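Please find below a colleague's note on the model.

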Amino acid sequence: MKYNALLLEAAGRHVGLSEWPGTKHNPEVIAFFEASGHGNVRDDETPWCAAFVGAVLAEIGLTGTGKLNARSYLDWGEKVEFSAARPGDVVVLWRGSPDGWQGHVAFLVGFNGDKVILRGGNQGNKVSDQRYPVSRILGIRRADAAQAEMGRPTLREGARGAFVLDLQDQLRSLRYFAGQRDGVFGPRTGAAVRDFQNEAGLSVDGIVGQRTWAALEKAPQRPERQLTASELRTRGSSTIKAADTGKVVVAAGAAIPVIDAATEAADKAQGLLPTLTAMVTDHWPALLVLGLGVVGYVLWRQVTAARVEDARSGAHLGR
């Protein structure tokens, strides 16, 4: 079941996406056809439940049946007995007649009495969680047997999806990544990958292939460095220097009450260091003019604390 949670999470990111009324067609639905190997379909009116399943599988590096017939998934993956079904399994229902050719395919969310809850595409013309009679289930399948030999996909900047979330989680647990866990392989994730590859003795290209995946699985946690702001200042940290400059400037400002909203926004900021550094170093003249000296002082404190934490964890060593 190692893919089940990833599949359900990946499918969940599309919940709410729907067909467009009228003669126009939602390009995101059309993208499901492209991702599942049917780029020739250019509308959102062609039944797309199997295209959605295939696209979600492809999103995390797995392979579907390559067909738009929902019942094709009865021969995909590993057969799962009803009693052993788990969230994230692929469920095939009959439509029209149990002996016919029509069907519906989606991901299992759970059971509620005599209903099965499925997360799928083309459910009410959108991606949604819907209830269906358990009596309509033709089969339940699981990805493990079909995909066990494929491993994780190769990732690089621009990639998105559940495997990127997995990558970010691993890098964070090893103290290489301090950015936002968003499933987007952006510059900060790429920098963390390159840092890891460098320390692991791998080719430093920022591309996560099988060697990098394997090294992540075996790597020890990066040791936390015992550093202080004073030591970083001595070493010439540009961030600490910028924060000190901001401190001196805002100290001359009027000491009016701190604006709670500004502090709360700073506290909640993802990627705290670059956000706060920019706020203090780029906007201190405005802070001074507006009389927000106290706010600037609070931000200076937070920039310094964020830089020390980054240094201890190993992030942003050059700043």
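1. Basis of the note. This is a predicted model, in which local features need pLDDT of at least 70 and side-chain atom pairs count only at pLDDT 80 or more, while totals for chains, interfaces and linings use all residues. Residues are numbered from 1 along each chain as its sequence is written, and side-chain values use heavy atoms, with hydrogens and water left out.

2. Overall make-up. The protein has 12 helices and 6 strands, taken as DSSP runs numbered from the N terminus (helices H or I, at least four residues; strands E, at least two). Of its 319 residues, 46% are buried (under 20% relative accessible area; exposed is over 50% and partly exposed in between, with a 1.4 Å probe and protein chains only). Carbon and sulfur atoms hold 53% of an accessible surface of about 15700 Å² (Shrake-Rupley method, 1.4 Å probe; for residues, only the protein chains shown count as cover).

3. Helices α2 and α3. Helix α2 (residues 27-35) packs against helix α3 (residues 49-59) at about 70 degrees, with the axes 8 Å apart; axes are lines fitted to C-alpha atoms, for helices over the stretch in contact, and angles run from 0 to 180 degrees between N-to-C directions. The two are therefore roughly perpendicular (65 to 115 degrees). F32, F33 and A35 of α2 meet A51, F52, A55 and A58 of α3, contact meaning heavy atoms within 4.5 Å. By class, this contact has 7 nonpolar, no polar and no charged residues (nonpolar being Ala, Val, Leu, Ile, Met, Phe, Trp, Tyr, Cys and Pro; charged being Asp, Glu, Lys and Arg; polar the others, Gly among them).

4. Salt bridge R181 to E9. The count of salt bridges comes to 8, each a side-chain nitrogen of Lys or Arg within 4 Å of a carboxyl oxygen of Asp or Glu. In one of them, the closest N and O atoms of R181 and E9 are 4.0 Å apart. R181 lies in the loop between α5 (162-173) and α6 (187-200) and E9 in helix α1 (residues 4-12), so the pair ties together parts 172 residues apart in sequence. R181 is partly exposed at 40% relative accessibility, as is E9 at 31%.

5. Further pairs. E34 and R42 meet in a salt bridge at 2.6 Å, N to O. E157 and R194 form another, at 3.7 Å. E157 lies in the loop between α4 (143-147) and α5 and R194 in helix α6, so this pair joins parts 37 residues apart in sequence. Salt bridges that share partners also link E9, D169 and R181 into one network.

Note on methods. Angles under 35 degrees count as roughly parallel, over 145 as roughly antiparallel, 65 to 115 as roughly perpendicular and the rest as oblique.
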